[in-house]
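Trainee: I am new to this structure. Please take me through it.

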Amino acid sequence: MRGRFITFEGGEGVGKSTQVGRAAEWLRTSGREVVVTREPGGTPRAERLRELLLERSAEPMPPACELLLMFAARATHVANLIEPALTRGAWVLCDRFTDASHAYQGGGRGIAQSHIDALAKLAHPGLTPDLTVLLDAPVALGLRRAGARQAPAADRFEAERLEFFERVRDACGPQARLAAG
């Protein structure tokens, strides 16, 4: 029997990691095999791509480069971790997936949703979450929470301006879900 794929989405500091952990614990007590993972990342190669994506640098990262790196990490993650786990019947709980690209690269960076959809078809054809849990909080609160847990310097995304995160949150709002649905 194929496993289940559940994703947790939301902006910075909304509690995704906390809720993933709670869900994993509950599912394990029910006797299920659970794989907890994150995006970008989840495999050694995808984690190296994550480092590039989060690294602050004097050289700007063009939005198209960011999107392509996200989907390069995702393709590796899906092929080498998510699909094998689902095939053996595990439940996969993922902290972010393609909805995050629609929000961050689409809403935040202004990349056309059609480009994101095309890359999704290439990187994970036929794979969509069985359930997506969307967590929300006001942007200022989420950023305060994220800042409180950070090492000395924020990563490239967390260093963005408030307006960027407002666009990301707007891309996740009810009107975006209705338009996509």
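Mentor: Helices (H or I, at least four residues) and strands (E, at least two) are DSSP runs, numbered from the N terminus. This is a predicted model, in which local features need pLDDT of at least 70 and side-chain atom pairs count only at pLDDT 80 or more, while totals for chains, interfaces and linings use all residues. Residues are numbered from 1 along each chain as its sequence is written, and side-chain values use heavy atoms, with hydrogens and water left out.

Trainee: Where does Pro40 lie?

Mentor: Most peptide bonds are trans. The bond joining Glu39 and Pro40 is cis, with an omega of about -15°. Pro40 is found in the loop between β2 and α2.

Trainee: Which strands stand at the edges of the open sheet?

Mentor: The open sheet has four strands in the order β2-β3-β1-β4, with parallel pairing (two strands pair if DSSP finds at least two bridges between them). The edge strands each have a single partner, so one side of each lacks a neighbour in the sheet; they are β2 and β4.

Trainee: Which residue of β3 is the bridge partner of Thr7?

Mentor: Strands β1 (residues 5–9) and β3 (residues 91–95) are joined in the parallel sense by four bridges. One partner pair is Ile6 and Leu93. For Thr7, the partner in β3 is Cys94.

Trainee: How many residues of β1 are buried?

Mentor: Buried means under 20% relative accessible area, exposed over 50%, and partly exposed in between (1.4 Å probe, protein chains only). In a regular strand the side chains alternate between the two faces of the sheet. Both faces of β1 are covered, with Phe5, Thr7 and Glu9 buried on one side and Ile6 and Phe8 on the other. The strand is largely enclosed by the rest of the structure, because the buried residues number five of the five.

Trainee: Which residues are exposed on the other side of α2?

Mentor: Ala46, Leu49, Arg50, Leu53 and Leu54 are buried in α2 (residues 44–54). They cover an arc of only 130° around the axis, which puts them on the same side of the helix (the arc is that of the directions from the axis to the C-beta atoms). On the other side, the exposed residues are Pro44 and Glu51.

Trainee: How do α4 and α7 lie to each other, roughly parallel or oblique?

Mentor: Axes are lines fitted to C-alpha atoms, for helices over the stretch in contact, and angles run from 0 to 180 degrees between N-to-C directions. Helix α4 (residues 98–108) packs on α7 (residues 162–171) at about 125°, with the axes 8 Å apart. Angles under 35 degrees count as roughly parallel, over 145 as roughly antiparallel, 65 to 115 as roughly perpendicular and the rest as oblique. The two helices are therefore oblique.

Trainee: What is the relative accessibility of Arg96?

Mentor: Arg96 sits in the loop between β3 and α4. Its phi is positive, about 85°, although Arg96 is not a glycine. Arg96 counts as buried because its relative accessibility is 15%.

Trainee: Which residues is Gly89 in contact with, leaving aside its neighbours within four places in sequence?

Mentor: Gly89 lies in the loop between α3 and β3 and is partly exposed, with a relative accessible area of 25%. Its C-alpha atom is separated by 39 Å from that of Arg56, 33 residues away along the chain. Contact means heavy atoms within 4.5 Å. Apart from those sequence neighbours, Gly89 is in contact with Met1, Arg2 and Gly3.
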